[in-house]
Amino acid sequence: MRNGFMKQTMMRMATIVSIWLLSVAASAQTDQASPAGGSSANKPNIVVLLADDMGWGDSGTYGHELIQTPNMDRLAEEGMKFTQCYSACGVCSPSRSAILTGRTPYRNGVWRHLSGNHEAHLRASEITYPKLLKGVGYETCHVGKWHLLAKPQFNNPEYPQPGDHGYDYWMYTQNNASPSHENPDNFFRNGEPVGELKGYSAPLVAAEAASWMKEKRNPEKPFVLSVWFHEPHMPIATDSRFMQLYNGHENSKYMGNISQMDHGLGIVLDALDEIGATNNTLVYFSSDNGPVSQYGGTSGGLRGGKRSDHEGGIRVPGLARWPGHIAAGSTSDIPIIGTDIFATALDMAGVPLPTDRTIDSVSLLPVFEGKPVERRIPLFWRTHVSHPNDRVAMRIGDWKIVGNDTMTEFQLYEIQKDWKEENDLAAKMPEKTEEMKQILFKLWKQIETEGPNEWWEGQKGAPKRGTLNY
């Protein structure tokens with residue numbers, strides 16, 4: 001009996017081992033069969049591209065009669081176009097910080113544009129989506145403008161650099177391409193100066209991103225890629241081949257600059273095709289804030305421009321493509337904001353949101369399916385260099401309240417109907433205005449308490465144009 005028992009036991013063990021070996025083999029086959037840019041879990045790649053100072057009306061995709069943007073058109077045709085996409089601020093550094101952290105700028109500390117010597121920066125205590133996704137096996141890369149450090153902090157190991165925020169590889173500038181978009185000489189790659197690059201900024205940035213995807217990353221891992229263009233921020237320089245598209249037009253330099261940036265977008269899209277990652281990649285394209293009209297930009301009829309908390313300063317182009325998850329050629333008028341990239345990326349990767357801090361972001365996965373999102377925290381903007389009359393704004397549903405610098409005077413708009421903000425309803429609807437004011441006061445108090453308010457309170461010296469600092 002004992003021999004029979006031992007024989008049965010050995011047979012069961014052999015069966016278990018066989019099943020285990022089969023599972024290992026199946027797993028190996030899955031790994032081999034996974035698409036380029038994927039992983040054994042087939043996690044999707046995430047590519048976020050950002051224009052700099054591009055207005056809502058600065059493209060053929062959004063109705064401009066002359067500006068040619070074939071690659072933006074391609075994204076719209078193959079994915080979703082958002083008609084109510086917002087940046088998190090009317091200027092660049094704050095809106096970029098919100099993309100990475102999922103937190104409104106005054107909450108994460110980057111309350112102002114970091115163009116000089118201010119102490120503000122994207123703190124090491126902030127959690128970015130590249131860092132969280134790197135923790136679950138993603139490879140990460142940033143190319144282009146950074147602008148989340150002041151000048152003395154840039155490439156200074158005493159302050160958090162892209163590597164401290166989760167990027168494995170980066171090629172970046174502190175702020176604008178210098179001396180202009182042509183032959184920039186102020187890039188650093190992983191902490192080392194690159195020297196002068198021949199060509200124009202957007203194609204150079206895009207080529208670096210393409211090179212990383214094709215040659216430098218581990219092809220067995222999913223990836224996060226940030227491509228933050230400098231165009232069309234001044235000082236503008238445009239390749240003659242793009243200016244020739246608008247030969248003789250007084251605005252040919254600016255319009256060509258948009259087409260130059262669009263060409264860079266195309267380089268990235270083509271690289272995704274080449275490595276076979278298109279079908280497993282979310283591509284999201286937007287802008288950090290609205291346009292500067294004096295350089296040729298247009299808001300497409302929206303009120304205001306860069307620095308404003310009216311729609312022209314914060315409503316920006318927004319395009320998303322993710323084959324199999326976003327219907328080709330679809331359009332959405334659901335309000336979304338750059339801050340939402342954070343929660344969307346985590347949701348796609350199956351990573352839970354941090355619970356130790358306030359997250360203003362919501363996942364856009366329902367929006368990709370044509371469904372609305374529920375926002376626990378309203379859309380909020382505060383731009384320190386805005387006109388005093390539109391220093392702060394908040395949107396809940398179709399209603400938007402705009403407040404002055406002291407939060408004592410307010411405008412009210414039903415923004416879905418009145419997208420040009422021409423009909424101020426504050427005097428006609430005092431009860432609704434008061435309701436929105438009280439929510440705004442409460443929200444601002446929470447943000448001000450949570451953020452590093454020592455960075456903005458008691459600031460000496462007002463910004464240009466006589467506006468207050470915060």
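How many residues lie between β13 and β14 in their hairpin, and which residue in the turn has a positive phi? Point 2 has the answer, after some ground rules.

1. Ground rules. This is a predicted model, where local features need pLDDT of at least 70 and side-chain atom pairs count only at pLDDT 80 or more, while totals for chains, interfaces and linings use all residues. Residues are numbered from 1 along each chain as its sequence is written, and side-chain values use heavy atoms, with hydrogens and water left out. Helices (H or I, at least four residues) and strands (E, at least two) are DSSP runs, numbered from the N terminus.

2. The hairpin from the opening question. There are 2 residues between β13 and β14, and Gly397 in the turn has a positive phi of about 60°. β13 covers residues 392-396 and pairs with β14 in the antiparallel sense over 5 bridges; to count as paired, two strands need at least two DSSP bridges between them. Look for Met394, which stands opposite Ile401 in β14.

3. On to the next strand. β14 also runs antiparallel to β15 (residues 410-414), joined by 5 bridges. Gly403 has Phe410 of β15 as its bridge partner, and Lys400 sits opposite Tyr413. This hairpin has 6 residues between the strands, and Met407 takes a positive phi near 55° there.

4. How covered are these strands? In β14 (residues 399-403), 5 of the 5 residues are buried, where buried means under 20% relative accessible area, exposed over 50%, and partly exposed in between (1.4 Å probe, protein chains only). Trp399, Ile401 and Gly403 point one way and Lys400 and Val402 the other, and all are buried. As for β15, 4 of its 5 residues are buried, so the strand is largely enclosed by the rest of the structure.

5. Helix α8. This one takes in residues 252-274, 23 residues in total, and reaches 32 Å from its first C-alpha to its last, close to the 33 Å expected at 1.5 Å a residue. The expected span is 1.5 Å times one less than the number of residues. Because 17 of its 23 residues are buried, α8 is largely enclosed by the rest of the structure. Gly276 follows the helix, with a positive phi near 75°.

6. Searching the whole structure turns up 3 cavities of 30 Å³ or more. On a 1 Å grid over the protein atoms alone, a cavity is a set of points where a 1.4 Å probe fits but cannot get out, and lining residues have an atom within 4 Å of a point. Points are joined across faces, edges and corners, and the volume is the space filled by probe spheres set on them.

7. The largest cavity. Its volume is about 80 Å³, and the lining residues include Thr104, Asp360, Arg375 and Phe380. By class, the lining divides into 5 nonpolar, 2 polar and 2 charged residues. Here Ala, Val, Leu, Ile, Met, Phe, Trp, Tyr, Cys and Pro count as nonpolar, Asp, Glu, Lys and Arg as charged, and the others, Gly among them, as polar.

8. The second largest cavity. This one holds about 50 Å³ of space, and its lining has 8 nonpolar, 1 polar and no charged residues. Among the lining residues are Ile46, Tyr284, Thr344 and Phe368. The elements giving two or more residues to that lining are β1 (45-51), β8 (281-287) and α10 (340-349). α10 gives the most, with 3 residues.

9. Most residues other than glycine have a negative phi, and most peptide bonds are trans. His147, in the loop between β3 (139-145) and β4, has a positive phi near 60° and is buried, with a relative accessible area of 1%. Arg307 has a positive phi near 85° and counts as partly exposed at 29%. Two cis peptide bonds deserve a check: Ser178 to Pro179, with omega about 5°, and Met234 to Pro235, with omega near 0°.

10. Ser180 lies between β4 (169-173) and β5 (188-189), counts as buried at 14% relative accessibility, and has a side-chain polar atom 3.2 Å from the backbone nitrogen of Glu182. Asp53, in the loop between β1 and α2 (70-78), is buried at 4%. Asp53 and Gly290 are 237 residues apart in sequence, yet 5.4 Å apart in space, C-alpha to C-alpha.

Conventions. On a 1 Å grid over the protein atoms alone, a cavity is a set of points where a 1.4 Å probe fits but cannot get out, and a pocket is an open set with protein on both sides within 12 Å along at least five of seven lines; lining residues have an atom within 4 Å of a point. A polar contact is a pair of N or O atoms within 3.5 Å; within protein, one must be able to donate a hydrogen and the other to accept it, and residues adjacent in sequence count only if both atoms are side-chain atoms.
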